[in-house]
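Me: I am new to this structure and would like to go through it with you. Could you start with a term that will be needed along the way?

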Amino acid sequence: MSLTGTSFLYTAVVLTIVALILPLVLWSRMRGPKAVRVAARALMLLFAQATAVTLVFVMVNNQNNLYDNWADLLGTGNHVQQAANLGKNGTGNISLKRLPKVKQDFSPAEGPGMRAAGGVEVTQLKGQVSGVNAEVYVWLPPQYKEPAYRHHKFPVVELLPGYPGSAKAWFGSLHANEQLMPLMKSGRVAPFILVAPRTNLLAGVDTGCANITGTVNADTWLSVDVPKMVMDNFRAEPAPSGWAVAGYSAGAHCAVKLAVAHPDRYRAAVGMSGYNDPIGERNSLAAASPALRAANNPYLLLKAKKTPPPIALYISGESGDGYQAGTALASVAEAPTTVHVVFLPRSDGGHTMALWRPQVKAVFRWLTLEMGKNHPHAKTGSATPHGRSTSGSTHAELASGTASRAGATRKR
């Protein structure tokens, strides 16, 4: 029985109801020795508690897309076939152009939100370079199948969840496809292909989107294998001009790090409630040593760049949960790098889907403008979406993505 399936939810509901009824019916009717009656009543109470906890867990899991299946929940899943030393650029000096094309079969994805707004498709991808074998979800914009666009190539946004988190979360919990479809149809948001690859690759740990020889090549999986597969199977624009990456929580850290580390693969990145130092996620493999932490910290990577990368970053968060990470990046960014920092008050929802879900539309309007993907029929309106400011930076500076270094320093 699927962990996220409707049948499991209904089973949990029925068992919870039964567990509540049993004590009401049998409590005073128990027969036999006192010890037997006490034990039976205790078992009924334990059964009631267990079913209630299970039902709450199932509802929370379905709402937030934390675990895809039993293997993820129990910590028995492993999607890494090999993790060779791929060097600093994560390709093992392999000429990607010489690799054979990756032709994949796709099928309709199952689960909450997967059938909405035209439906999400899924495929099982064996990464040629990374050695990762995992699922990738793809949603195509409404224009993709229109005759007028049959020769058109579309920009792509890779979507990353938090940890633990399912690759389905952007569709099932954030409802990105449902929110964006009408905006794409009206031209207010560019027709992006949305790609959500699995990021939970090893049991019980967060990969930190890092390449760790002998353990996992998560960076290469996300920045090499997945993009190549998408470009080989869909009318997708080439990297980096047509590619962006977005994430929340641990996925926000990954998104920003990937863009800073690989400006030849991504033009823009969005990080909602993220962090720079991998130690922000206590189960992150990227925090296992000082060297790994430094190599996967986007702030240190950006600060060390001799030539500022031509990337745009959108960082949003509350004080102590993402905002300072953004102002730190803004403090070391030099043109052509731009950092757009949005401050969110704690009253907006905390570190939950309730905070990230309403940001989806603003984030994709920003991506549309930053990547120069305005639809030919786009309506004119305000430029970059405005965020709230603090005493550290003015509202205008934050809205334009030019938060002052002095203000950023004070906030760190």
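Reply: A contact means heavy atoms within 4.5 Å. With that in place, Thr337 is in contact with Leu302, Pro308, Pro309 and Ile311, leaving aside its neighbours within four places in sequence.

Me: What kind of model is this, and how are residues numbered?

Reply: This is a predicted model, in which local features need pLDDT of at least 70 and side-chain atom pairs count only at pLDDT 80 or more, while totals for chains, interfaces and linings use all residues. Residues are numbered from 1 along each chain as its sequence is written, and side-chain values use heavy atoms, with hydrogens and water left out.

Me: What pLDDT does the chain average?

Reply: The chain averages a pLDDT of 85, and 85% of the residues score at least 70. Here pLDDT is the predictor's confidence in each residue, from 0 to 100. Over residues 375-412 the pLDDT is below 50. That stretch has 77 contacts in the model beyond near neighbours in sequence.

Me: Back to Thr337. Where does it sit, and is it buried or exposed?

Reply: Thr337 is in the loop between α10 and β11. Helices (H or I, at least four residues) and strands (E, at least two) are DSSP runs, numbered from the N terminus. Thr337 has 6% relative accessibility, so it counts as buried. Buried means under 20% relative accessible area, exposed over 50%, and partly exposed in between (1.4 Å probe, protein chains only). The C-alpha atoms of Thr337 and Thr307 are separated by 9.8 Å, and these residues are 30 apart along the chain.

Me: Which peptide bonds are cis?

Reply: Pro336 lies in the loop between α10 (323-332) and β11 (338-343). Another cis peptide bond joins Tyr163 and Pro164, where omega is about -10°. Pro164 is in the loop between β4 (156-160) and α4 (169-172).

Me: And which residues other than glycine have a positive phi?

Reply: Ala117 has a phi near 50°, and His175 has a positive phi of about 55°. As background, most residues other than glycine have a negative phi, and most peptide bonds are trans. Ala117 is found in the loop between β1 (107-108) and β2 (121-126). At 17% relative accessibility, Ala117 counts as buried. His175 lies in the loop between α4 and α5 (176-186) and, at 27% relative accessibility, counts as partly exposed.

Me: How many disulfides are there?

Reply: The count comes to one disulfide, taking a disulfide as a pair of cysteine sulfur atoms within 2.5 Å. Cys209 and Cys254 form it, with their sulfur atoms 2.1 Å apart. The pair links distant parts of the chain, 45 residues apart: Cys209 is in the loop between β5 (193-197) and β6 (211-212), and Cys254 is in helix α7 (residues 250-261).

Me: Why is the disulfide called right-handed?

Reply: The torsion about the S-S bond of Cys209 and Cys254 is about 100°, so the disulfide is right-handed. Cys209 counts as buried at 2% relative accessibility, and Cys254 counts as buried at 3%.

Me: What about the rest of α7: how many of its residues are buried?

Reply: Eleven of the twelve residues of α7 are buried, among them Ala250, His253 and Lys257. The helix reaches 16 Å from its first C-alpha to its last, close to the 16 Å expected at 1.5 Å a residue. The expected span is 1.5 Å times one less than the number of residues.

Me: Where does α6 bend?

Reply: α6 bends by about 25° at Asp225, and a proline, Pro227, follows within four residues. The bend at a residue is the angle between axes fitted to the seven residues ending there and the seven starting there. In α6, 15 of the 16 residues are buried, so the helix is largely enclosed by the rest of the structure.

Me: Last topic: how many residues does the largest nonpolar core have?

Reply: The largest nonpolar core has 57 residues, and those with the most contacts inside it are Ile193, Trp221, Val230 and Leu313. A nonpolar core is a set of buried Ala, Val, Leu, Ile, Met, Phe, Trp, Tyr and Cys residues joined through side-chain atoms within 4.5 Å. A second, separate core of 44 residues includes Val270, Leu344, Trp356 and Val363.
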